[in-house]
Structures are given as structure tokens and as C-alpha cells.
Amino acid sequence: MAEIGIVDTRNILKIIADKSGWNFSDFSITFLKRRLEHILQQQGLQNVETLKRKLEFDSAYFDVFLAEFIPSTTEMFRDPSLWRFLKESVMPELALSATPPKIWIASWDSGEELYSLAILLKEMNLLGKVKVYAADYSDSVTRQVKAGMLDPKKMEVNEANYLRFHGKATFDSYFSTQADGSLRINPELIRDVVFIRQNANFDSSVLGCKLVLFRNQLICMNISQEERVISRLRDCVVAGGFLVVGIKENLEHLPASNAFTNINSAEKVYKRKIG
């Protein structure tokens, strides 16, 4: 497997920043180095110089690169016990809102988190009664998510997770098979979703949220970036609202965590304090 040094990693981050304004300088350099090495191997690029040239001179490739560089969700209903907790303990409280509550998937999502949420809302008769916002980071990923196309190779694990989530319906009732054999999620499920263009610093924020899903993102940031982003998300969650991070992540080492109470330490669900 090709290896990339720290200097080359930083040089590539500079190219990304110069071309797009995406600043990854406060992300974990080790994490980003591994992502670049993964891209070299996956795309069969011979060395880091080839990657640099493509990033500098091939605009179409740049968007494809971003879709691979930024980590995204890989399974529907990933961590099924979390989705059960949302269904049984969080959503009923949100459903009591006098006005349609806002839910924001702030994580960089390749569709699986959004589709899972949409199915949950459908089964709770809340679809269309909440406002769902989803972060997107590249045009190619946005088109893919809006199209609702699914990878057939992932469907076995997706269905297993759905069963552990204790869904009400049969899993395949939410999809249709296209003429070419591909799978597509029912368009009704994501018809009203608002897509937010999201950069590396999460500058585009959705204020007044009752629930923010921000899972498996802190793992790729250094502590300065963690504090910056969590402070931003804290300001987006209303008093009594919820913030969810990955099950292997936590907020307790960050000053911004003082605004939250950990209401489920296993699932890493935090509730914004009132007052």
C-alpha cells in the first residue's frame, strides 16, 4: 500500500484550501493521511504526485475526490440501539412541539443516515411534520443522495440493522428495483428534505434545532476543531433539544459540554440544559 508523508499530506491540504476554501488544517493529520492513502489505493493512483496533479488541474476529479476524502455514513440504522432510543425516548418529546421541530443531520452523510431517519419518521407518522435538514459537501454526493440510489452490496447489513431497530414494516417495502436492477429509496421519504452546503468548519448552521445528529465526525478532528464545531452546534440546539455524537465519541473534555446533560452515556445522547 502506498504511503504518504506528513509534508505531502499538508501540501495536499493546501491545494484543497486554495481551490475550494475547505480548511482541514485543524483536523487530525494522522486521520487525513490515512484517508489519502486509502484514496491512492482505491483509485489505483501510482503516487502522491499523480494525486496532486489531478487535484490541481482536473476540476471534475476534485469533486469526486472530496466524496471519498470526507468520511461518511456507511450503513443504514448503524448502531440500531441508538435508533431505538431515538424512537422510544427522543422523538415522542419532539412530537409534542407546538411548531414543526427542526432536525439537522450535521454529519457528512452519503445518504444512509438520512434514509434511516426518514424511515423512522414514516413509521412514527411524523414524516412531513418535522423539518429535516441534511448536510452535503460535494455535488456528486448530493446528486446521489437526492436520487436515493442504494448500493445492493450493503442491503444485507442494512436490513439486519433495520431488524435490530425493530422496524414496523418489511425493509424492502421502502425501496423499488429499477429497470437496470439498481435499488432506489421511495422518493416520498426525502421529498421535503432541505440540503445545506457544509464546509469543513461547519459554518453553515441550522439554528433552532430540536435534534442534531453529528455522529462519527469528532474522531477525525483535533481538540481545537472539536471545540470549535461543538460550540457551533451547541448554539444551534434549543434549550431542551438533543445532540447525538458517535458511540465512540464524547463531549465531556470540551468546555462546550457544560451546556449539555448526558442522558444516555452508551448511545452518546446529550440534552441541552434549560436556563
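Tutor: A residue is called buried under 20% relative accessible area, exposed over 50%, and partly exposed in between (1.4 Å probe, protein chains only). The structure is a predicted model, in which local features need pLDDT of at least 70, side-chain atom pairs count only at pLDDT 80 or more, and totals for chains, interfaces and linings use all residues. Residues are numbered from 1 along each chain as its sequence is written, and side-chain values use heavy atoms, with hydrogens and water left out.

Student: Are D192 and R191 buried or exposed?

Tutor: These two residues form a salt bridge, with their closest N and O atoms 3.7 Å apart. As to accessibility, both D192 and R191 are exposed.

Student: How many salt bridges does the count come to?

Tutor: A salt bridge is a side-chain nitrogen of Lys or Arg within 4 Å of a carboxyl oxygen of Asp or Glu. By this rule, the number of salt bridges is 12.

Student: In which helix do E37 and K33 both lie?

Tutor: The side chains of E37 and K33 meet in a salt bridge, at 2.9 Å from N to O. Helices (H or I, at least four residues) are DSSP runs, numbered from the N terminus. E37 and K33 are 4 residues apart, about one turn of the helix, and both lie in helix α2 (residues 29–42).

Student: Why does D235 count as partly exposed?

Tutor: D235 forms a salt bridge with R234, the closest N and O atoms being 3.1 Å apart. R234 is partly exposed, with a relative accessible area of 23%. D235 likewise counts as partly exposed, because its relative accessibility is 47%.

Note on methods. Helices (H or I, at least four residues) and strands (E, at least two) are DSSP runs, numbered from the N terminus.
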